[in-house]
Amino acid sequence: MKKKKISGGMIQTAGFMAMATLLSKGLGLVRNSMLTAYFGSGMESDAFLTASTLPTTLFDIVIGGVISASFIPVFNSIMSKRGKDDAMKFLNKFVTLILCISALIAVFGIVFSSPLVSLQTNYDGEKHALAARLTAIMFPMLIFTGLAFSFVGLLQSFGEYKIPSLISLVSNLAIILYYVTLGKRFGIYGLAVTMVIAWSLQFLIQIPWIRKFGVKFRFDFKFKDSDIKQTLLLAGPMLVSTWVQPLYSIVNQRFASNIDSAVTYIQQSYQLYIMVVGVFSFVVTNLIFPKLAQAVARDDIGEAKNLTVSSIRAIVLVIAPLMAGFMILSKPISSIIYGYGKMDEEGVTAISMLLKFYSVGMLGLGLNEVLSKAFFSLKDSKTPMRNSVISMVINIALAYVLYKLMSTNGLALAAAGGSVINAALNWICMARKYPDMVTRADVADMLKSVISAAAMGVCVMLIYRAVSGFFTGIIGNIAVCAVCGVSGVIIYGILIVLTGERDIKNLLHRKG
């Protein structure tokens, strides 16, 4: 299988997406830390985090997979075989369908906000009532979520990756602006309203670029169209395969709600964990997935395999050292992000321990993102569905066992274990389906990255123990992370060069 070089344009786009995503995720951390700084880790923050996750969880369970995975392959197939006009007609039908479903979910969520809170938590009294009221306020944001996600898929299909990578940045800025200007005046209810406004901005900022590509949206309720049927048939297994995280989130919330402030701790640590993996897996999957779909539409399976393997190697190369670093530096990292305002030292320690256990699953989560999208682009949605169901069952079983042994830390470790199992199952199935795709040289490169990351982790741990006693406070934690981080990057860089990992070797050769 002949492997093609990645173009300079792709590298520049990936660089822009990485920077935009990193900035957006950074602002997301600021947004999350401001919640605990303003409201602490008590009733209001627990209720808000429960309420904000309920709409997105229900959205993911009902239609999230349809938008994120089934639209792009079908749209690109129509574009390739029948032309732009037919693709745009399909777009109108698809967006109309998503709007209808999103509106129905929003109405359902508003009407049944109280039972939904009871389903996900064991809250009672004022805490339950507050969570139900906030949930009802935030459910309309699903309508804008459906629109935003649909048109992100459209823009990516036309090769426009920069605007989709900026939409979260805009919404995070809107929420941060609320905290700074109106947070003390309107409190937690104002924050819920701002969330709806922020999600609407994710769609609104795409409108000029949507028009640029000649989109003239018209409502089209002809849902019996063959293309819509194909999308729904493809989407069924995809939906099931995307239920792992949402359903496990419900289980997590249910367990954590038995302990005061535990929902806040577990949500804040989980968001930090997802941010780290998301910066890189988002760039790789969102840049590669449309190209995978286009390659499959051209019946260029060789290129599809090449893109998949390149993505897997990139994920391992970058996330393996981050995983080691976060496991070792979870305490100072958590202190920097959450250790101020109304958040006390006990809360920071709880978040740091959860982050340490979540980090065990970083590599699995990143690999699973790539492998799942690869199956979807190849129009094989049954394999990731089956693997997701298996890992979800194991995940929940682990949660029951580990929660009794380790309290909420067990929930984090169970989530990490589920991610690893899911990735392993997808890897095995991909290897069986395409035995010639991942070569021994590819496996060797990935092992070099993992071994280098492990060796780096040992060195960073020794450095951390040596320097941590000399620094205190926020500035001290920043200094510790800076010293350990820079040292880790240098050590990992040296090790990866010495081991001869091909991606780095080729990069150095081109520069030379």
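Biologist: What should I know about the model before we start?
Modeller: It is predicted, so local features need pLDDT of at least 70 and side-chain atom pairs pLDDT 80 or more, while totals for chains, interfaces and linings use all residues. Residues are numbered from 1 along each chain as its sequence is written, and side-chain values use heavy atoms, without hydrogens and water.

Biologist: Which aromatic pair does phenylalanine 217 form with phenylalanine 219, stacked or edge-to-face?
Modeller: The pair is edge-to-face, at 5.2 Å centre to centre with 70° between the planes; rings of Phe, Tyr and Trp (its six-membered ring) pair if their centres lie within 6.5 Å, and planes under 30 degrees apart count as stacked, over 60 as edge-to-face and the rest as tilted.

Biologist: And phenylalanine 255 with tyrosine 403, what is the pair there?
Modeller: That pair is tilted, because the planes stand at 35°, with the ring centres 4.6 Å apart. Phenylalanine 255 lies in helix α11 (residues 244-256) and tyrosine 403 in helix α17 (residues 382-406), 148 residues apart, where helices are DSSP runs (H or I, at least four residues) numbered from the N terminus.

Biologist: Are those two buried or exposed?
Modeller: Both phenylalanine 255 and tyrosine 403 are buried, whereas phenylalanine 219 counts as exposed at 56% relative accessibility and phenylalanine 217 is partly exposed at 25%; buried means under 20% relative accessible area, exposed over 50%, and partly exposed in between (1.4 Å probe, protein chains only).

Biologist: Switching topic, how many aromatic pairs does the count come to?
Modeller: The count comes to 14, and ring pairs also link Tyr38, Phe39, Tyr178 and Tyr179 into a cluster.

How values were computed
Helix = DSSP H or I, 4+ residues; strand = E, 2+ residues; numbered from the N terminus.
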